[in-house]
Structures are given as structure tokens and as C-alpha cells.
Amino acid sequence: MPVAVRFAPYHLPLHPPFAVGDHKLEERRGLIVELRAEEFCGYGDVAPLPGLHRESLREVRDHLKALSDVDDHESLAEFASSLDDTLPPSLRFGLESAWLGLAAARRGVAPANLLDPMPRPEVQINGLLDVGLRGARRALEAGDLARYPTIKVKVGRRSLEEEHALLALLVAELPAGVRLRLDGNRRMDLADACALLDGTDPGRIDWIEEPLRDPSELGKLYDHTGVRLALDESLQDQDDAETWRRGIAAWVAKPGVARALQGTMELGRRAADAGLVVVVSSSLESGLGLWSLATLAACLNAEPVAAGLGTDRWLASDIIDPPFTSTEGAVALTDAVLQPSAEAWPPDEEH
């Protein structure tokens, strides 16, 4: 039975503005996609991010206009394999999310139960610190960081002295159980990364993610410091993580940028076989997309792993009601609403 496809645009103000490379965004634009079969429907978020995705929102819209319906299938794997390989990654993520919602509605179960028979009822969220020493002091004084089990700290942006001081402050002021994940965004050379880690307490660090401009030197960094590594861009570039096995603790996956839901589930199985974990991370999706990512994160890894879904803090409003919120360091899947609000989705309009 064919499944009907419809979509509608949305735009959400960002506060403060969000920077991606040279792009400074004051609003987040995307498309809500609906898959409907008889009285059942599911929704997904299609939101290519300027500066991150290769496809534009216009290109995604053109693809959707060509999809009047899609084939129905019994499983996500079958549905995912039926999609055109040329579909942009952000659209594949939205369509797979919508299929999952549709299939769950027809079966009368939660979406996570279609991915795993025993999903976690709660997903931990890592905090994000992308400010300098003064900003970190203000966040600590306000208590904004202590509620998270894990804090992701952006490094490689300041002088070595300030970054050492920043990390020392966090180690001293945060509760002993709070873990740190460092993220270099490929900003450092090998010598700078070694100098940073040599002056940092390794006992509080889970890993450092993508620190080097030249990722071929990641093994040398691990050999010198003993600090484990996480892959994001390198994983996307290689598509064969076996190349990067030595010293790797985690693979950071952005399903909205590559692999979507089914591909990330397959990545999770590979990670488990290699003794690694997969960290589900967002690309500034709306709350609808963040709930899909949280659903996926609940079904990965043998033990709970904090996901990188705290980007909701930039959303001044949302397309679901109640909005997705990660401010307490975790989200409970029982609270998930995997459909847009009545204000965001006009079912009587044709698109």
C-alpha cells in the first residue's frame, strides 16, 4: 500500500545566533515531512544546516515535491533500503524518522520499541561549554553545568595558558563524578594538542574528539598522551572506521548529516563489536528532530552514554508542544511527542 508524503516549512528564531563556520544563523529553517497511511501518520524533521550540509533547503524541497508517495515496508531496514541512494542525507533522516513514527502509530507502541525490544526509558544529555574562562566562571556560579553528567568542552580556540586554566577550573569546581569530553574541531596541530593534554588531569577526561588538522596523526597523539580519542569528521571521511581503531573510544554520529536512523543502528553494531560506543549528536534540528535522535540514542550502546542533544538551548521556540528540553541533563522518552504542534503543522494545506 503506498504511503502518502506531504511537507510544510518551518522557521524558528535562534537565541543567541548560532555560528557554523562562516555562517551566523539567526533562525533555523527546515521542513516538517509527514508520511500517512489511512488514519495513521508519522512526522520527521528535514533541516539541512548551512555550513554543515552539502544540500540546501531548496534542493531538499525539490526532492520532496517529486515524492507523491513512497513504498510501504514492514521494517525500518526495508524502508531505508527502498529509498533512492541519491536522496540528501537530511531528507533521508526525516523520512526514516517519519516512517518510524508511522509504524509505531500503526502498532500502538513507542517508536523506540521498533528499534530495540528494551530501550532505555531515559537518555542522558551532555552539557556544552563553548566559552572562555570568564564565561565558564559565570556558568559555574549559575549552576548551569553541575546538572549534567558529562560536559563537552570546545578546545583549540584560545591560548594554551587559558585553556589549561579553563580545564583546571572545571576539574576543581565541578562535582567529582562529572566527566569532561574535549572537542577540538580539527583546530590543532600535533604539538599543540600534546601540550594541552600534557597539562590536563586525564582521570576526568572521557576522550578528545577530532583535535587535529591532520587526522592521520591521531595515533601519534594517543601514543604520546594516552588520552583516548573520539571520531566525528574522520569517521564521515573514511566511512571505514577500522582505519582509526588505535586509541579510539567513541564514534560521534550525526544521523541528520550521514547514515540517518538505520545506518546509525548499523554503526552501533559495528561499534559494539569493536568495543566502542556511539554518541548520537544533533545538527541543530528542531525539537521534533531531537526527539527522533533521543529515541535512537535510547537503543544504542550496552551502557548509557550521554548524547549530544543539548542544542535545544538555541531554540527560542519549537515546533512541538511541549518543546524538547535538555536543561536537566536527561530526557525521558515517556514524555516524547513525535509530532508537530497544531500551530506548526497545517493539515488542511496542500504542499
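Is Arg 107 buried, partly exposed or exposed? Its relative accessible area is 36%, and that makes Arg 107 partly exposed. Keep this residue in mind as we walk through the model, which is a predicted one.

Let's start with the whole chain. Its secondary structure comprises 11 helices and 13 strands. The radius of gyration is 20 Å, close to the 20 Å that the globule rule gives for 351 residues, so the chain is as compact as a globular protein of that length. Along the principal axes, the C-alpha trace spans about 60 × 40 × 40 Å. Buried residues account for 53% of the 351.

For a view of the interior, turn to helix α11, residues 287–297. Here 11 of the 11 residues are buried, so the helix is largely enclosed by the rest of the structure. Among them are Trp 291, Leu 288 and Thr 295.

Now for the charges. Side chains of opposite charge can pair when their charged atoms come close. The protein chain carries 36 positive and 57 negative side chains, and 18 salt bridges are found across the whole structure. Arg 107 takes part in one of these with Glu 74, at 3.5 Å from N to O. This pair links distant parts of the chain, with Arg 107 in helix α3 and Glu 74 in the loop between β4 and α2, 33 residues apart. Glu 74 is exposed, at 61% relative accessibility.

Another salt bridge joins Lys 254 to Asp 232, with their closest N and O atoms 2.6 Å apart. Both partners sit in loops, 22 residues apart. Lys 254 is buried at 15% relative accessible area, and Asp 232 is buried at 7%. Finally, Lys 152, Lys 154, Asp 183 and Glu 209 form a salt-bridge network.

How values were computed:
Residues numbered from 1 in each chain as written. Predicted model: local features only at pLDDT ≥ 70, side-chain atom pairs only at ≥ 80, totals over all residues. Heavy atoms only, no water. Buried < 20%, exposed > 50% of the residue type's maximum accessible area, 1.4 Å probe, protein only. Helix = DSSP H or I, 4+ residues; strand = E, 2+ residues; numbered from the N terminus. Rg over C-alpha atoms; globule rule 2.2 N^0.38 Å. Lys, Arg positive; Asp, Glu negative; His and termini not counted. Charge placed at Lys NZ, Arg CZ, Asp CG, Glu CD. Salt bridge = Lys/Arg side-chain N within 4 Å of Asp/Glu carboxyl O.
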